[in-house]
Amino acid sequence: MRKACTPSKFVADVMNKVPPSGIRRYFDLASGIDDVISLGVGEPDYITPWHIREACIHSLECGETSYTSNYGLLELRESLADHFSAKYGVSYNPDSEILVTSGVSEALDVAIRAITDPGDEIIVVQPSYVAYVPSVMFAGGVPVIISTKLENNFKLTAEELKAAITPKTKAVIINYPNNPTGATMGREDLEAIADVVCEHDIMVISDEVYDCLTYDYNNGHTCFASLEGMRERTILLNGFSKAYAMTGFRLAYAMASPDIISAMMLIHQYSMLCAPITAQIGAIEALRNGTDEMMRMVRSYDRRRHLIVNGLNKIGLECFEPKGAFYAFPSIESTGLTSEEFAERLMNEQHVVTIPGNVFGDAGTGFLRCSYATSLEEIEKALERIGAFVDGL
Amino acid sequence: MDDRTRHILECLEEDARMGHEKIAALTGLTADEVSKRVKELEDSGVIRKYKTVIDWDLAGDENVYAIIELKVSLERTIGYQPLVERLYKFPEVRSVRLLSGQYDLSLTVSGKTMKEVAFFVAEKISTLEQVQHTTTHFVLKTYKEDGIILYEQDHVTRLPVTP
């Protein structure tokens, strides 16, 4: 008789150190409740614009079902290079400085692995997307947390960054417009960060997946790589999920200097091989003809933003004014409940799903993430229910 | 047009009954400012009319619609305007469009029965001096009207929680 096996002993140590996503727990809890209004979703409520879907359907009818270059379709990389040159004045060579990936999640993972040796420190600015810390740990790196504060409008300051840097620091991950706070950073704010980055000779991984969802239409978004001297120090990550309502396509890209992209491509080549061709064709169509539809969606999010932020403030949940993404991040400290108590009781008693802020790091403690990527009617109903819940405390 | 004005127009296009208080809540303007801008938009003709899109089939109405293509002759120095003005005064005529291509004009005509529409075309439209030829297409079913899809679609559901 062969010896019995204990599979758990084969699981890598790092897996026991990485906690499961706090968001996942709320997914499981919400699944058992009827009549749920969800402010928990981090994806547009729009269906991908028809012309993008139609381009994908046409490509399938034409039999375009093959692998592509590991880097992605050249036509897509050329479109991306043109797009960034026109929009932000930053040029990338489509042959060697752009890598098409399956979602920003993959781009992030590959970027971190490409620059991290065991023991390297990667600074993560929180509150932030839940994948940053685990991705650093999977790569053998050490995440170093900077907690941003409401009184600084959740912006990273140059002083905070400087204080977190050690000789082992390799890079800092920034994400503006930010998930979950909706905070943005203006050009001057980013210039101060760029000075520190240069002075201490570190890299920046800049996740700008919400760049198009910036509600200051006049000043717009500042691309970190477009700052003087930052192009070579930045791994720019972006994708199609949020701006073009293409979450299920899993299509994104990284832009950086050839050495970095080449290293990232090695990992991508041996794991993902290439992003799906159909999604890449949809992305080309989005870049070429998607601006009007995208702006229509952005203006719609903007109106919902006003409604939910004002509504939460009226209820007495002081809400920071988000200038980007599609999340409101109210403080629930006045209620005396913790974020998790508030979110769980709100879900059980009023059937409104939100995500507790501490899921996005300790800096989110005392806050709640409310996605307003849902219809006006749902937001109005949710606000009524949240109001009733707070009144009943 | 500035962004705030565009927001107001998009709100009203989505729901013509949306009140100024609600538009104010959605745009960050005051209700007075919304009222002032809406008045300006009405006065300048940007807002033409507040309209309701009705699914008459679902309401059980027996109206019949037809699209009439017209080939017309024009006299030198006289354009389409005099003919078009005669056509759009008929209450049966719901829309008049000038077209490029094989036909010159397209009308949408409504009536209680197919016979009524057919007689209207034969007696009132075809007999006009400039009208050389008409082709009548009866509308069998309307799937989309003014950008609104007029039948139930399967609802695409999302997960209640995602990253």
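How far is the sulfur of Cys319(A) from the closest cysteine sulfur, and in which residue does that closest sulfur lie? In this predicted model, the closest cysteine sulfur to that of Cys319(A) belongs to Cys370(A), at a distance of 7.3 Å, which is too far for a bond, given that a disulfide requires a pair of cysteine sulfur atoms within 2.5 Å. Cys319(A) has a relative accessible area of 9% and is therefore classed as buried.

Cys274(A) is accordingly in no disulfide, and the cysteine sulfur nearest to its own, that of Cys56(A), lies 15 Å away. With a relative accessibility of 11%, Cys274(A) also counts as buried.

Helix H3 of chain A, which spans residues 50–61, and helix H10 of chain A, which spans residues 277–289, have axes that come within 8 Å and cross at roughly 140 degrees. The two helices are therefore oblique to each other, since an angle has to be over 145 degrees to count as roughly antiparallel, and the crossing of H3(A) and H10(A) is right-handed. On the side of H3(A), the contact is made by His51(A), Ile52(A), Ala55(A), Cys56(A), Ser59(A) and Leu60(A), while H10(A) contributes Thr278(A), Ile281(A), Gly282(A), Glu285(A), Ala286(A) and Asn289(A).

Note on methods:
Residues are numbered from 1 along each chain as its sequence is written. Chains are lettered from A and ligands numbered from 1 in the order in which they are written. This is a predicted model: local features need pLDDT of at least 70, side-chain atom pairs count only at pLDDT 80 or more; totals for chains, interfaces and linings use all residues. Side-chain values use heavy atoms; hydrogens and water are left out. Axes are lines fitted to C-alpha atoms, for helices over the stretch in contact, and angles run from 0 to 180 degrees between N-to-C directions. Helices (H or I, at least four residues) and strands (E, at least two) are DSSP runs, numbered from the N terminus. Angles under 35 degrees count as roughly parallel, over 145 as roughly antiparallel, 65 to 115 as roughly perpendicular and the rest as oblique. A crossing is left-handed if the near helix is turned anticlockwise from the far one by less than a right angle, and right-handed if clockwise. Contact means heavy atoms within 4.5 Å. Buried means under 20% relative accessible area, exposed over 50%, partly exposed in between (1.4 Å probe, protein chains only).
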